[in-house]
Protein chains: 4
Amino acid sequence: MTKAGIFGATGYAGYELVKILERHEGVKLEFVTSHSFAGQWLDDLYPQAPHLLLIEGETAPLEEVDVVFLALPHAAAAATAVSALQSNTRVIDLSADFRLKDVATYEVWYDVTHPAPALVETAVYGLTEFARDQLPEADLVANPGCYPTSILLALQPILAAGLPITGPIIADSKSGVSGAGRVPKQHIHFVEVADNFSPYKIGRMHRHLPEIEQGIASFSRSEDAPMLIFSPHLLPVPRGILSTIYVPLGGEPNADDLHDLYAQAYANEPFVHVLPAGQLASLAHVTHTNRCAIAVTLAGNTLILTSAIDNLIKGAAGQAVQNMNVMMGFDEGMGLTA
Amino acid sequence: MTKAGIFGATGYAGYELVKILERHEGVKLEFVTSHSFAGQWLDDLYPQAPHLLLIEGETAPLEEVDVVFLALPHAAAAATAVSALQSNTRVIDLSADFRLKDVATYEVWYDVTHPAPALVETAVYGLTEFARDQLPEADLVANPGCYPTSILLALQPILAAGLPITGPIIADSKSGVSGAGRVPKQHIHFVEVADNFSPYKIGRMHRHLPEIEQGIASFSRSEDAPMLIFSPHLLPVPRGILSTIYVPLGGEPNADDLHDLYAQAYANEPFVHVLPAGQLASLAHVTHTNRCAIAVTLAGNTLILTSAIDNLIKGAAGQAVQNMNVMMGFDEGMGLTA
Amino acid sequence: MTKAGIFGATGYAGYELVKILERHEGVKLEFVTSHSFAGQWLDDLYPQAPHLLLIEGETAPLEEVDVVFLALPHAAAAATAVSALQSNTRVIDLSADFRLKDVATYEVWYDVTHPAPALVETAVYGLTEFARDQLPEADLVANPGCYPTSILLALQPILAAGLPITGPIIADSKSGVSGAGRVPKQHIHFVEVADNFSPYKIGRMHRHLPEIEQGIASFSRSEDAPMLIFSPHLLPVPRGILSTIYVPLGGEPNADDLHDLYAQAYANEPFVHVLPAGQLASLAHVTHTNRCAIAVTLAGNTLILTSAIDNLIKGAAGQAVQNMNVMMGFDEGMGLTA
Amino acid sequence: MTKAGIFGATGYAGYELVKILERHEGVKLEFVTSHSFAGQWLDDLYPQAPHLLLIEGETAPLEEVDVVFLALPHAAAAATAVSALQSNTRVIDLSADFRLKDVATYEVWYDVTHPAPALVETAVYGLTEFARDQLPEADLVANPGCYPTSILLALQPILAAGLPITGPIIADSKSGVSGAGRVPKQHIHFVEVADNFSPYKIGRMHRHLPEIEQGIASFSRSEDAPMLIFSPHLLPVPRGILSTIYVPLGGEPNADDLHDLYAQAYANEPFVHVLPAGQLASLAHVTHTNRCAIAVTLAGNTLILTSAIDNLIKGAAGQAVQNMNVMMGFDEGMGLTA
C-alpha cells in the first residue's frame, strides 16, 4: 500500500485528488493539508467529501508517506518539495515550479525568485503519455498545466511527424471556471460569469505560453520549432477545457493521412481518444474523466485539432495520479477508471 | 429637471439605478459615489456603463441635488441620510435602515446601534402601490427589500380582504445570485453556484422576516396577524425572485372569487400583473422589468400565490425610481417602461 | 453473475442505468433497447457511453437474463413487464405503471387503461429503505418516482412517529431539467430554461401527487393521513431535486427531539444522510450519488424538512440498482458507491 | 409614421424585432405572422410580449405597410419577398436568401433552387456601416448573418487598409444557443448544452462561410482576397457571439498603428466600439444592445481581433431596424438605444 499526502487539499485540484485517492485501491491517504482551513474538516467545505481533518502543511508527517501531491501556489510548492525530497518522499507537484527547464524564464513569467533552482533539471515533466520511461525513477514530477496538457497531447503527433509547418500555431482555448481557482474573486463571481464569455491574456501573454512552447520544441524534429499564439477564454461552465488548434501545413496535406497519423499515435493509449473522422471533440466527451478527446480536421492546408480534457482531472489531479501509477508500478488506470 | 445622486453606484442595485436614471427624461444624474472604487470610472467595472467618474461619498455635493438614492450597506446609509436631509435633499434609501418601525427589532436583526433612530418614524415605507398617498410629501423613503416586495405585493389583497387565515403563512422564495451582492464571496463563486440549488436561513432566521411580518401586520384587518415562515433559496441565475406562498384559509374558499379579488385589486396597477387563471408566474415574466407577476391558485383550502419580480428592479432600483416618480410628480412609469 | 437487460437505454434514466450496471461487479449487461434509436450505438448518443448496440425491445432475449430494468414510458412498461414475467425474468420498472395500488387512480392520472391490472397488487413499491423485507421475493418492483423519493424519505420518520399533524403537508419541490426527459420540447430548450425558474402543476395537479399521498398513508399511524400540497418547479440545472417540506405539528414540538428522531431513524442507512442540526440540504450534497440528504429544522410549530437527491440516481437508476442488489442478495451499495 | 409588418414573429429574431419596433417612435407595427402559431397570441409564447394576434403569412395585408421584415426560413423568405415587392412594399430579409450574390453558390450551400434569382442582384447587403449609400434607395435588403456581422465588421479596416495578408484568416467564433433557433432539437436541449461546449462545422463547412468570404473579397483591395477558416462553437449562454479572429500580416506590423487604424475607421460609428488598447471584447460588452465591440491585439505578426455582438440584435433584428432607419431617413439609432 502506497502512503500518500496531499498539500493544498481544499482547492479544486486538491479536492479532486482526494476523491481519486480515496477510491484508489493501492493508496492510503495519510494526510491532507490546508493553510487557510487548517483545523477544519474537509466535508465542511465540500459536502460530499470524506470526513478528513485538514492540518497545517508544516506539521505534515512527510517521513511517513511515500509520495506527496503538491496542489499549492507556485513558490510555496517548491519549498515544500525541498522538504519532502529531504525526507526521501517522492513529489508530484501540480504547480508550475518545476515545469519550465529554464529558470530565468520561470522567474520572468512567475515574478518570483525560484526557491529551488537546483531541483529543476531533476524534475520529470509529467505529460504521462510521453514520460513513461522516466517516471519509474523520478523523485520529482512536474505535473503539466491544464492548457498545456490539452494542447501538447494534440500537437505531439503532427510535430513528431516532422511535416513542414509554415507559420505560427494558434491555440484558441476555452476553459471552465474551476481553472481560475477556488479563492473568490470578482471576475469569477457567478453574476459576472453567467451569460458571459470572455478572452483574457491572449496572444503571448499567458503563463502557460512558455510551458507549451517548451513542449512544442521538445516534440519538434527541426531546430526551428513553430511559434505559438495562445488565446485563453473563460467559459461559463464549472469544468473542462476545449482547445481549437490551427496548424498551417506545407506541402499537400491529406485528411485521411493525418487522421491515420493520430489514430496510430494514440492507438494504445487508454486515456487519449482520437475520434472517428468527421467527429469533433467537446466537453461532453471528457468531463469527470481522465480522458483527452482529440479530433482531426483538415481545411485547406490548415490542420484543425479540437482537443478536450477535464481541466481538474487529465489537466491536474487525474494526470498526477496517472503519473503516480507509473512511478509506483501500479496499473496506469488505477483510481482513474470508474 | 430633477437633479439626483447615487451613493454606492457600483453594487448591482446601484448600477441598475444608473441605467434607469440615465434614460429617465426628467432626471439629471449629478454624481455617483463608491467607497471601494472612488477615482475610477464606472465603465471600468461595467463595460456597458456610461463613462462616469466615481467619487467618494464624503465629497458628494449633497446641496446641489434634489434627491439622493442610497445603495449603501446598512448603518452607512442612515448616516448619509442624516447629512442629505440636513442639506434639504430628499432621500430614497435602498438599505434596511428605515424599513423597520421598531428600532429595537432593527438593532437585534442587524446587530448595530441605529445611527439615526429619530428619523425612523418619519420614513415612508415605499412599497409604491400602497404608499402613493404619503410619497409626495416624503423626505425619506425606505425602499422595501427584494423578498418583502415579492411577498407583500402577493399577500396584500388576501390580507386586506380579511378572510380567516388558519395558520402560519409560508413563503418559499428563490432568488438569483445578484441578491447576494457584488462583493466576491465563497458561496457565490461561479463553481459553487452552477449546477447547485440551496436553501439558507429558512424558517424564521432571515433579516427580511421582521420586515415582511411588519407588512403583514399593516395589511391585516385583524389584531392577530398571521405568523410567517420564510424560506429563501439561492437560484443559479443572475437575477429574479420567485416566491411560492401558501396561505391556509378558513371557510370555503372559492378559486374564482380569489382570482377576482386579485384581478380587481391590481386592475389599475401598471406594474403588478395578475395572471389569467390557470397560469403561473415565472422569472421569464419579469426579468429586466419593473413588473411583479402574481398568479392565484387554490388547492384544497390553501391559497397558493406565485409571485415573481426582478430583484434588482422592482425589488430595488426600479421601485426606488417608481417612488421618486411619485415623490416628484412624474408619471409613475418614467424611466421604467422600455 | 446476474444477467440484466435495460429497456429504454437512451433516456436519461436509462443511460444512468447503463453507467451503473457497467461498473457493477455482480452484473453482466446483456442488452440495451431503444425504440427510436434501434440499430444505432449508444456512444453515438452519449459520447462517454460504452460501445453498445441498441436493439428493438421486441427482439430482446428476455429468457436469457435474470432481471430487466424498464426505463420506458408508462403503459409501454407494463406491457413489457408482462412479457418478462412470462419468461421468468424479474422486473424493475422505473415507470409509473405499478406504483399506484389503486388501478382506477392510475387510469385517471395517466389517462390510459392499465395494460396489466392483475399485476399491480403483486408489485413491491421499491422505496428501498422501507421495502427490504419484500424485495428478496419480489418478481416485480415498482421503482418510485423522483419527487416521491425525495419527499417520502423525508416524511417517513415524522409520520411513523405518530405526532399530531394539524393541516396539510406542503412539499415545495425543485427539479433539474433531466427530470423532464430527453425528448426535445419547447419548455426544455436551453434558451427557455437558462436564467429562468418556473413552477408547474402546483397544488394537486401533478401525477406524482397520488403516489406521494399513497406513501404518506402507508407511513401514517392514524386513519386520517394528512393531505398533500405539492408544488414542483423547474430549476435551470441538469440534475437534482430539492424538496422543501412543511409539516404543521401539534403539541409543543422540540427541535432537538425532532433531529434525534431523524438521526436515529436513518442511523444505519448507507444512502440516507441526516445532516447535523443547523445545516440544510442542497443539491451539492447529492448530485452524482445515490444519496438522500435530509435536514431537520423547526420554525414555530412547523417542521421544515429539506431533502435532496439526484433525480437520475436515487430518484431513478440508482434506487433501481439498490433494489436489484437487495433482490439478488448483493451488498446493497454495489455499483453505487464510487 | 412608417407602417411595418413582421413575418415569422415567433422565432427569437422575430420576437426581438417586435420588441424593438414596439418602442420605435417612428414605426407602427401593423401585423405579425407565424405559420406554426397562427391564431394564437404572441404573449402566450413570450410572457413579456405585447398582446398581438399572430396571423398566417398568406393573409398578411402587404399593401397596407411600407416595409416588411422577413424572419423566415430561407426559400420561404424569398417567396414572400416577391409578393411584398409586387405590392410596392420594401423588404428587409433576415434570411440568407439574398445575401449571396452568386446564385449557384447559394443553391449549393442551401440545397434549394433559388425562388427568386432575378432579385438577387437588386438586393443591398445590409451591413449597415458599409451600406449607407445604397440603403435609402433600396427596396430589398439582405440583412447579414450573425457570424458574418461579427467577423466582417472586425475585418473591414484591415482589409481596406491593404496591408499584406500572408495566409488564411482564421475566425474562431462562439455563439449563444438562440443562434440555433427556437424549434426544439436534441442538441439544444438544456441538459445537452449546460456544462458543455462544442465546435461544429469547423473549417470550411458552415453556410456562413461563403457569405463571409464574399464580404472579405468586397473589402479587399487586392484581387487575391485571403481564404477563410471559420470555426463556430456552441456556447452555453442564451445569446451573444464572440469571434476571435487571427489575421497573419506581412511586413512589420505595429500594434499602435493597428489600433489607430481601427479607432479611426470607427470613430464616428454609433454602434461599433473599438476598445482601448489592452482591453478585450466580451459578451458582457454587447448583450442586449445593438453594439459591436472590437478589440485589437498584435502577437508577433498575427493581428488578433476579438469582436462581440448580440446575435439577436446587431446580428439580426437590431441591424435590420438600423437598416430600416437609414432606408426611411430616421435617425439611425431610433429604437436601438435605450
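**Exercise 1.** Is the crossing of α6(D) and α9(D) left-handed or right-handed? Determine also the angle at which these helices pack.

*Solution.* The model is predicted: local features need pLDDT of at least 70, side-chain atom pairs count only at pLDDT 80 or more, and totals for chains, interfaces and linings use all residues. Residues are numbered from 1 along each chain as its sequence is written, chains are lettered from A, and side-chain values use heavy atoms, without hydrogens and water.

Step 1. Helix α6 (residues 146–161) and helix α9 (residues 255–265), both of chain D, pack at about 110 degrees, their axes being 10 Å apart. α6(D) is therefore roughly perpendicular to α9(D) (65 to 115 degrees).

Step 2. The crossing is right-handed (the near helix is turned clockwise from the far one by less than a right angle).

Step 3. In contact (heavy atoms within 4.5 Å) are D:A154, D:L155, D:P157, D:I158 and D:A161 of α6(D) with D:L258, D:L261, D:Y262 and D:A265 of α9(D).

**Exercise 2.** Identify the buried and exposed residues of α9(D).

*Solution.* Step 1. D:L258, D:H259 and D:Y262 are buried (under 20% relative accessible area, 1.4 Å probe, protein chains only). Because they cover an arc of only 100 degrees around the axis, they lie on the same side of α9(D).

Step 2. On the other side, D:D256, D:D257 and D:Q264 are exposed (over 50%).

Step 3. The cover of the buried residues includes α6, β12 (272–274), β13 (292–299) and β14 (302–309) of chain D.

**Exercise 3.** Locate A:N323 and classify its accessibility.

*Solution.* A:N323 is in helix α10 (residues 313–328) of chain A. Its relative accessibility is 0%, so A:N323 counts as buried.

Technical notes:
Axes are lines fitted to C-alpha atoms, for helices over the stretch in contact, and angles run from 0 to 180 degrees between N-to-C directions. Helices (H or I, at least four residues) and strands (E, at least two) are DSSP runs, numbered from the N terminus. Angles under 35 degrees count as roughly parallel, over 145 as roughly antiparallel, 65 to 115 as roughly perpendicular and the rest as oblique. The arc is that of the directions from the helix axis to the C-beta atoms.
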